[in-house]
Amino acid sequence: MQKRVNALRELRRLLSKTEFPPVEAALKAGAIPLLVQCLSFGSPDEQLLEAAWCLTNIAAGKPEETKALLPALPLLTAHLGEKSSLPVAEQCAWALGNVAGEGEELRNVLLSQGALPPLARMMLPNKGSTVRTAAWALSNLIKGPDPKAATELIKVDGVLDAILRHLRKSDEELATEVAWVVVYLSALSNFATGVLVKSDVLLLLVERLATSNSLQLLIPVLRSLGNLVAVDSHTTSTVLVPGHEITDGVIKVLIKCLKSEHRVLKKEASWVLSNIAAGSVEHKQLIYSSEAVPLLLRLLSTAPFDIRKEVAYVLGNLCVAPTGGEGKPNLIQEHLVFLVQRGCLSGFIDLVRSADVEAARLGLQFMELVLRGMPNGDGPKLVEQEDGIDAMERYQFHENEDLRNMANGLVDKYFGEDYGINE
């Protein structure tokens, strides 16, 4: 027995090498059937742990190497049960998390073999590395794209309470893994989102954003917050009631993220703000009257392209009122004038000049607002001063019909034969 454990330990050490672990050689030599045998019930813990550890390392390899674990999955799942010791259960959870992270096909196999309920139960205790590993494995298992697993997870007894407890009290490492679970629950399952929105989760996410400086934690927390406030306009209105403390808290933490030196936080925060700005006039007012606007204006002219694009969505959304029907959106002139006076037009015209179709469309839409909506008919003059006509004329023979028609339509309407005659 000890000989077997020693051999397993040696194999595990070889497979744990950071550079060129001999996974392929181990598979060719028939390691999987032997490791499956070593996982049989009644085996000593030391043997189970080493065998599961070897499988964990194999599962971290190339996709075809991960798939080689298929024969081991039922036993790895079985050892998640309450009869297993915690170290063995945790190691099996780790192996299954690696398998689930490989792709949809293997996730579906694990789900059909019943891996979700025991992993969910492992996340229920208050603390410990086992809880953290289980949460990490679950976030891989419910990644979708099918929302069924996310819906199943939130229905497991005690899971919602555990999520809230870990977000409220746990150390940052555990809270990070739990926040990723919330990301996938809120991104994939409308049912799970409905459950989360009715709980205290939003409050806890805001508290974590306000008090933490860990980038690893802030990314999933911010993304979860974005998913929850951006479900649909009804949810946004229910969750973010102007004047409520939680609403002020959300705007404050988003401003904190806009000020961060980390580009990923700036981009995520801009995305969340653009979703809030797409809501009611009251929601637009919340952002417009906050410290977010000067920060957004600066980012529009100085940030990397991907952030500028997100920021343009926020600023553009602030200038249009929700409309019931089709046709051009109604303007919020006060917001438009304020933003244009602070120099945002050149940022939007830069987007028109970009090769990115979505960004160019955003730029053209904002130019249309300026041309149509600035008081005293000042729009065309302002656009001309920023070389906007030249930017639009680039689309005269553009392959994208939508952009071509939009740009040509604006040039014809506002800069036709009569333009400048009265000056």
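User: Is Cys-54 buried or exposed?

Analyst: This is a predicted model, in which local features need pLDDT of at least 70 and side-chain atom pairs count only at pLDDT 80 or more, while totals for chains, interfaces and linings use all residues. Residues are numbered from 1 along each chain as its sequence is written, and side-chain values use heavy atoms, with hydrogens and water left out. Buried means under 20% relative accessible area, exposed over 50%, and partly exposed in between (1.4 Å probe, protein chains only). Cys-54 has 0% relative accessibility, so Cys-54 counts as buried.

User: How many disulfides does the structure hold?

Analyst: A disulfide is a pair of cysteine sulfur atoms within 2.5 Å. The number of disulfides in the structure is zero. For Cys-54, which is in none, the nearest cysteine sulfur is that of Cys-38, at 8.4 Å. Cys-92 is in none either, and its nearest cysteine sulfur, 12 Å away, is that of Cys-54.

User: The side chain of Ser-212 reaches which backbone nitrogen?

Analyst: Ser-212 lies in the loop between α15 (201–211) and α16 (215–229); helices (H or I, at least four residues) and strands (E, at least two) are DSSP runs numbered from the N terminus. Its relative accessibility is 2%, so Ser-212 counts as buried. At 3.0 Å, the side chain of Ser-212 reaches the backbone nitrogen of Ser-214.

User: Which residue follows α23 with a positive phi?

Analyst: Helix α23 spans residues 333–341, and its buried residues include His-335 and Leu-336. After α23 comes a residue with phi near 85 degrees, Gly-343.

Note on methods: Polar contact = N/O pair within 3.5 Å; in protein donor to acceptor, adjacent residues only side chain to side chain.
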